[in-house]
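Subject: Structure handover

Here is the structure I said I would pass on. Please look it over before reading the notes below it.

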Amino acid sequence: LSFLDPPASPLAAPQHRGMQRVLGWASRVSVERPWHVLALFFAITALAMAGLPRVRNNTDLVRFLRSDAPLHRDTLYIDAHLTGASTLEFVVTRSDGASLVSQDAVSRMAAFEQAALRHPEVTSVGSVLPVLRQLQRAESGDDALVLPPDERATAYAFDLLEAAPEQALLRKVIAPDFDAARLNVRIHAVGTSIAAPLAESILDEGRALLGEGYRVEVTGAFYQVAQDSNGLVTSQLKSFGSALVLVFIAIAVLLRSLRLTAISFVPNVMPIAWTLGLMGFLGIDLSTGTAMIASSVLGLVVDDTIHYLDHYQHVYAGDAPAAVGRTTREVGPPLFVNNVVLVLGFWIGCFGSFKPTIYFSLLSGVTMITALVCDLFVTPASLVVLDPARRRRRR
């Protein structure tokens, strides 16, 4: 800037006239009709709360990508025309650690297989059972694919497996000493909101069908992703609660007023509730990306409230409406510019291709905008309504 010529004359006014008019209007409305303002904003909050039950905890790795992304397109094509795009793996063992070479074990695993196939999300089940059926068809000469009918035929089929040349392939479905078998349950490309309860449902059915003499566990990379994603979302929500408490303890220490601390709580929690309600009404899932909005934005939007209330404390002289009007005029412009800069910076992420990033950027910006609106209307209205001098005059 030192290389540029200074302006010929200073600006006639330090603030834009349009901004002054908007801030003046917001101040007058908040001072003259504080109860109407609070009633309107709490009504909007109640409406947003109605959308909260619609929010799903769901992480869908495939649909996180745009529909024209190659991975998204190819995965859904495979899912629709070939087989399920994801796999839930179940490992079956005997409780006593013995071998699974018995007709009872094979029959129970077959019942488990059929129970899994009855779920509409399941496309197929890979295990040692199809191999045993093929061996039985080759041995009997029939076209039907059935399991070995008795103990002798079952033991003979496992002897053939032990002597088979493709041991590396067999090890993917059964252990070398036949004491553990894996069932690969192929499912459609679904999110964690479906995959996690589906895995638990199949697991419960497996335990009931196999009986006390057997153990079954669910494992696999996709199941671990579902568990970790759901756990991450839960931990994010817990961290938001902790952050909320710590932030308002810090505000209480700064302002040294329980009344002002209580007032600061409303305009900061209200926009986050609006955002969550908006997610519910728009069908935006609570995922590993969107779960970070509340914790991340809280530290930004609370700054506006701190600046507003701190300035209000300095100019307050027993007349809340006058202090509100002066605070809005003097603090409003920097709050507005600060939020515009932050929102535009966040909204750059909307041009990405990864949906969690897009939703995080878009909804974070929306939360900041609504937080600014709350600071310019709800905070002043609350200060007027809860002004101690006003209460004393009424008495």
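E89 has 22% relative accessibility and therefore counts as partly exposed, the class between buried (under 20% relative accessible area) and exposed (over 50%), taken with a 1.4 Å probe and protein chains only. Its side chain meets that of R182 in a salt bridge, at 3.4 Å from N to O. This pair joins distant parts of the chain, since R182 sits in strand β3 and E89 in strand β1, 93 residues apart. R182 is partly exposed too, with a relative accessible area of 30%.

The model is predicted, so local features need pLDDT of at least 70 and side-chain atom pairs count only at pLDDT 80 or more, whereas totals for chains, interfaces and linings use all residues. Residues are numbered from 1 along each chain as its sequence is written, and side-chain values use heavy atoms, with hydrogens and water left out.

Strands
Helices (H or I, at least four residues) and strands (E, at least two) are DSSP runs numbered from the N terminus. Two strands are called paired if DSSP finds at least two bridges between them. Strand β1 covers residues 86-94 and pairs with β4 in the antiparallel sense, over six bridges. In that pairing, E89 stands opposite T219 of β4. With β3 (residues 180-187), β1 pairs over eight bridges, again in the antiparallel sense. There, T93 is set opposite A180 of β3.

Strand β4 itself, residues 214-219, has two faces. Y214, V216 and V218 make up the covered face, and R215, E217 and T219 the uncovered one.

Other salt bridges
A salt bridge here is a side-chain nitrogen of Lys or Arg within 4 Å of a carboxyl oxygen of Asp or Glu. By this rule the structure has eight salt bridges.

- The side chains of E113 and R133 meet at 2.7 Å, N to O. They link helix α4 (residues 103-117), which holds E113, to helix α5 (residues 129-140), which holds R133; the two residues are 20 apart in the chain. E113 and R133 are buried.
- The side chains of R73 and D74 meet at 4.0 Å, N to O. R73 is partly exposed at 45% relative accessible area, and D74 is partly exposed at 42%.

Nonpolar patch and a helix end
F336, V337, V340, V341 and L344 form a nonpolar surface patch of about 420 Å². Patches are built from residues with over 30% relative accessible area and no salt bridge, like charges being joined within 9 Å and nonpolar side chains (Val, Leu, Ile, Met, Phe, Trp, Tyr) within 5 Å. The areas come from the Shrake-Rupley method with a 1.4 Å probe, and for residues only the protein chains shown count as cover. F336 belongs to helix α12, residues 320-347, and is partly exposed with a relative accessible area of 38%.

L254 is part of helix α9, residues 221-255. L254 is partly exposed, at 38% relative accessible area.

Backbone
Most residues other than glycine have a negative phi. Two loop residues are to be noted here. F178 is not a glycine, yet has a positive phi of about 60°. F178 lies in the loop between α7 (167-170) and β3, and is buried at 6% relative accessibility. R256 has a positive phi as well, near 55°. R256 is in the loop between α9 and α10 (258-282) and is exposed, with a relative accessible area of 72%.

Cysteines
There are zero disulfides in the structure, a disulfide being a pair of cysteine sulfur atoms within 2.5 Å. Among the cysteines, C350 is partly exposed with a relative accessible area of 23%, while C374 is buried at 0%.
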